[in-house]
Structure formats: C-alpha cells, structure tokens
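Please look over the protein below.

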Amino acid sequence: MEASRYNRKHRRQTAGRRGVETLEVVLALPVLLIATIAVFEFGFLILVHQAVTTAAVEGVREAAKDQSTTEATALEVQRILGVHEMSFATTGTNTTDDVRVVVERFGSPTDQVGNTSLLCSPQGITLLPNQIRVTVCIRMTNANGRPVPNWLSSLGFTLVDRRLEASALASAE
C-alpha cells in the first residue's frame, strides 16, 4: 500500500515537471542558437583578419624587393586573398572591388590598386628612408555575403559598410 501511494505521488510530481522542462528548452534554445551562429561568424572574421594581415606582410615583402612594382605587390596580395575568394583588379583603380592596396615608399608618391572609394587610411610611424608600407583594406561583407557572412544582421549586428585594414612595414633591399 505504501509503495503505491509513493508511486502515485511521484507520478504527479513528474507530470507537472514535464511542462517546466519544455518551457526551459523553448527559452534556452534561441539563445544557444544565436550563440552558435555568433561563434561561427566571429570565426570567419578572425580567419579573414589573419588573411588580410598575411597579405599585407607578403605584399610588403614583395614591395621591398629591388625593382619591384606596385602591380607585382598587388599580385602577391591577390595570391593570398584569392584563397578566401577575395579578388580585385591588380592594375589600375576602380570603385567596384572589395579590396584596396596602398603602397607607400619614402620620397615617392603613394601607389594604389583596387577600389579607391573604399576608405583606407594607412596608420603608423612616418616612413624613414628606404622604408615601404603596404596597407590592405577590404570590405567585410559584400552583396554575396563574402568574405565574412552577415548572419547576425537581423539581430542588429551588421558588417555592412565595415572594413578591415592591415598595414605592414619593411626596409627596401
């Protein structure tokens, strides 16, 4: 008799608890989903940031070579960024590409390749004789959602009209 009373009481308690568990899942699932999407989006952001930094370093290494041209520097930057499906015209300037490369040499005019409408302001120390600075700027997301997806835009976190910029400095050979 004692055992059946215990079973009835236990069943009543667990039956009432089932609704609470469902409610907890319903409340927690959207938060977990948004957090998961955010982790993936920021992972892409970090990956692209590393690619842009590497492109600037490899670009300045190419620019520092004796008799190197801006086009050769742009091709080296294109080689690195091409892995992440970021491309741009490596000769001349335009207003449609998602990439801009600025090459500064001490005592020479600044050379630019890619999208000149993309804001790109090289930062850092004033160049000394024989120094070269290469700055790579990219648009974080374009109409195709590349190179960084804009998955959280409906929640107020958008990457539209944002840019990523990296500069590297080297001495000419």
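**Basis.** The model is predicted: local features need pLDDT of at least 70, side-chain atom pairs count only at pLDDT 80 or more, and totals for chains, interfaces and linings use all residues. Residues are numbered from 1 along each chain as its sequence is written, and side-chain values use heavy atoms, with hydrogens and water left out.

**Layout.** The chain has two helices and five strands. Helices (H or I, at least four residues) and strands (E, at least two) are DSSP runs, numbered from the N terminus. Starting at the N terminus, the order is α-α-β-β-β-β-β. There are 173 residues, and 35% of them count as buried. Buried means under 20% relative accessible area, exposed over 50%, and partly exposed in between (1.4 Å probe, protein chains only). A contact means heavy atoms within 4.5 Å. Among contacts with a separation of 6 or more, 57% join residues 24 or more positions apart. The chain exposes about 10700 Å², and 58% of that comes from carbon and sulfur atoms. Accessible areas come from the Shrake-Rupley method with a 1.4 Å probe; for residues, only the protein chains shown count as cover.

**Core.** In soluble globular proteins, nonpolar side chains tend to be buried together. Here the largest nonpolar core has 29 residues. Such a core is a set of buried Ala, Val, Leu, Ile, Met, Phe, Trp, Tyr and Cys residues joined through side-chain atoms within 4.5 Å. Those with the most contacts inside it are Val 52, Leu 81, Phe 88, Val 99, Val 134, Val 136 and Ile 138. Two or more residues each come from α1 (2-63), α2 (70-82), β2 (99-105), β4 (131-139) and β5 (163-171). α1 gives the most, with eight residues. What does Phe 88 touch, leaving aside residues up to four places away in sequence? Its partners are Ala 74, Val 77, Gln 78, Leu 81, Asp 97, Val 99, Val 101, Val 113 and Gly 114.

**Aromatic pairs.** The structure holds two aromatic pairs. Rings of Phe, Tyr and Trp (its six-membered ring) pair if their centres lie within 6.5 Å; planes under 30 degrees apart count as stacked, over 60 as edge-to-face and the rest as tilted.

| Pair | Centre to centre | Angle of planes | Class |
|---|---|---|---|
| Phe 42 and Phe 157 | 5.4 Å | 55° | tilted |
| Phe 44 and Trp 151 | 5.8 Å | 80° | edge-to-face |

Phe 42 lies in helix α1 and Phe 157 in the loop between β4 and β5, so this pair ties together parts 115 residues apart in sequence. Phe 44 lies in helix α1 and Trp 151 in the loop between β4 and β5, so that pair ties together parts 107 residues apart in sequence. Phe 44 is partly exposed at 33%. Trp 151 is partly exposed at 46%.

**Surface patch.** Phe 40, Phe 44, Leu 47 and Trp 151 form a nonpolar surface patch, with about 420 Å² of accessible area together. Like charges are joined within 9 Å, nonpolar side chains (Val, Leu, Ile, Met, Phe, Trp, Tyr) within 5 Å.

**Positive phi.** Asn 130 is not a glycine, yet its phi is near 70°. Asn 130 sits in the loop between β3 (111-115) and β4. Its relative accessibility is 55%, so Asn 130 counts as exposed. Asp 161 has a positive phi of about 65° and is not a glycine either. Asp 161 is in the loop between β4 and β5. Asp 161 is exposed, at 76%.

Key:
Patches are made of residues with over 30% relative accessible area and no salt bridge: like charges are joined within 9 Å, nonpolar side chains (Val, Leu, Ile, Met, Phe, Trp, Tyr) within 5 Å. A salt bridge is a side-chain nitrogen of Lys or Arg within 4 Å of a carboxyl oxygen of Asp or Glu.
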